[in-house]
Amino acid sequence: MSTAATPKLKSDVLSAFKSVGAEVTDALTTRIATLSSQLRLSPQKLAEAWEAHSLTKNVSVLDDVSFAAYRSSLAGLAGENNNRVVGTSSAKRKAGPSSVTPTPNKTKVKRENEQQQPQLATPSSSNHAGKNILITPTKTPTYQERTNQGEVVSTYNPHYLPTAASSNNGSHIAASIQYHPSSTHPTKSYRHMFTPLEARAQVLEERLATMTEQIQSAHSDGDDVVKQEVEAAAATDGDSSTWAPVGIPRQNTVRCVGRICNEVNGNRFRLAHEGRLNKASLRLEGSRQHSAGSRIHLDLQAFNNEDGESEDKRDYSLFPGQIVAVEGINSSGRTMQATRLIEGAPPPSEKHRARDLLDYHYGAEKQDGKPLSIVTLCGPYTTKDNLNYDPLQDIIYKISTDKPDVVIMCGPFVDGRQPLLQGGEPTIIDENGNEKKSTYEEIFCQNVSLLLEEMYANDPTVKTQFVLVPSVEDAFVDSVYPQPPFVENTMKRNHNHEFGDLGLHYVEGAGRETEKKRSNRVHCVSNPCTLKINELTIGVTSSDVLFHISSDECNANLPPGTRMTRIAQHLIQQRSYYPLFPAAKGASLDLGKANQWEMPCQPDILIVPSKLASFAKPVLDRTIVVNPGELTKNTSGGTYATIDVHPMKRETLEDAVEADMEMLSGIQDRVRVDIKRI
């Protein structure tokens, strides 16, 4: 096999990279095709590697600069042996096995020379087919060896607001934290994974019917273009209905509401979740009640017209399980030629009485004119090579110094994927330096609860409150979504130890043993949850829904750098913390409880931790989406986020109080988000 970039290989490269939304120049096409031959990786594999690299490094354009980093990231795909030679000259391959296979002694000498003189692939070397390329991975620094502590990775601060640390002298009056009154999230353990098939199908049907009503209600009025089309259609065939069931042949433009699904090779009898969604396998599935479950092909040619001007191109972002409205013509009843897509309908935003906002922002027992400071972080909280929880100790020390008002901690706290825990009987070192077997609850108690207890015991005046959100990866709770809050299921095992004790009750009493009336310091909530923190509505889910959707999403013509925010926007438009169906592997969804992961209103702040690149950006004008990242990355440190919400101007609120007005929170104009390295 020659390493030359053949026209067929170049064409395959272009098609593969186009399928993941990447535009490649002719020069880069040749270099990628050469890499495909040298590394013996298919163009589709290289395209998927670029997509993963762009998401991880937050790079949206493949050019000469980003190509070098992308090429280096291919080391893990080149083969099981990281130090093997992945390119060999075509002359040696043509000469036959005897000329390529060295004697054992020569092999040993060759490997020693390679280890002494490693060479990294360079742009110039990739153009020479006969040159050997050795890709060696760079060593990842350990947590103790990191040098970028406190570095700000990303910031959202359009109005150049100061940090809360520079405006406050530590936390003041305790913030109000409670579930949103309209939320339906689980509050206690439940019997899960016993939902029969018929019940699951009914849940999907009810959700489709509910979303159909919401989308039709949100998009039926005020559309002059559609009204003109309806009037024209009524003049020709007397049909004035804008909305139509899926799969009914119509000669005029109609709108259909259905669920996006994946149909591989057009075979409706194959499983819908086989293969990744693409524009050729897009199907729209209607409801059983109105469309008899009809499934039709979506033709998005109007969106993928490459001959049109760039400003005329329409973008879209679709994934399995998404409920959308499609406008177009379905003349055959089998294929709908779409001209417009409506990707859901966001829930209504909450309004607040101006009098309540004035009390929250300037009341002497509330914020008193100071910013509300929130820190959010996500596990794992210890590196993969030990159970010392050093990153968590460092962040708790930072919290004890800065004294934010609220800390939202998302799991996993005791990560079931941790190599030292996968055996089922973890070993820890006790206070005397002796090894002993431990339970998962004891690890949580000794490394999480004890840290919080010591922080409050050292300074009982701290008003910081902690919100603990479980994860399906936590080893000591049920791995099911939605998840109920942590519960200390204590059961006496002997006179001085309780089985299942998480130690959180010790945190509540630390430093205030003589107080009779105690406010909660630790709030255990569900996954997902919608919280009211003062006047703010904050949505949180610890499941990596961004990664799950991005792995199965199909898009076109998205503006550069907007893919992750578009995926986060889907959660709001679908009114769900997990709209993907079928769910990703490991998501552990219990469809019988689907109503418990619904989003009751449009949140002011949406916290969606993910292994993908961290960010903080506005969506739909009224919501700030924050991905704080993970606190640890393998054996090194990760990131966390600080959210500082400043009060509204007092004069504005006083004028609104006089007029007895209701107001939106206006979060996008008074918030600052900093994502920092631990």
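Which residues does phenylalanine 466 touch, not counting residues up to four places away in sequence?

**View 1. Surroundings of phenylalanine 466 in the predicted model.** Phenylalanine 466 touches Ile396, Ile399, Val407, Met409, Leu452, Met455, Tyr456, Arg521, Val522 and His523, with residues up to four places away in sequence left out of the list.

**View 2. The largest nonpolar core of the chain.** This core has 37 residues, and Phe444 and Phe466 have the most contacts inside it. Two or more residues each are given to the core by β10 (372-378), α13 (390-402), β11 (406-410), α14 (440-458), β14 (465-469) and α15 (504-509). Helix α14 supplies the largest share, eight residues.

**View 3. A second, separate core.** This core comprises 30 residues, among them Cys410, Val469, Cys529 and Leu536.

**View 4. Strand β3 and its pairing partners, β7 and β4.** Strand β3 (residues 254-262) is largely enclosed by the rest of the structure, because nine of its nine residues are buried. Strands β3 and β7 (residues 323-329) run antiparallel and are joined by six bridges; valine 257 has alanine 325 of β7 as its bridge partner. Strand β3 also pairs with β4 (residues 282-285) in the antiparallel sense, over four bridges, and isoleucine 260 stands opposite leucine 284 in β4.

**View 5. The chain as context for the close-up views.** The secondary structure comes to 18 helices and 28 strands. Of the 678 residues, 49% count as buried. Among contacts with a separation of 6 or more, 72% are accounted for by residues 24 or more positions apart. The chain exposes about 32,800 Å², of which carbon and sulfur atoms supply 48%.

Definitions and conventions
Residues numbered from 1 in each chain as written. Predicted model: local features only at pLDDT ≥ 70, side-chain atom pairs only at ≥ 80, totals over all residues. Heavy atoms only, no water. Buried < 20%, exposed > 50% of the residue type's maximum accessible area, 1.4 Å probe, protein only. Contact = heavy atoms within 4.5 Å. Areas by Shrake-Rupley, 256 points an atom, 1.4 Å probe, with all protein chains shown as cover. Core = buried A, V, L, I, M, F, W, Y, C linked by side-chain atoms within 4.5 Å. Pairing = 2+ DSSP bridges.
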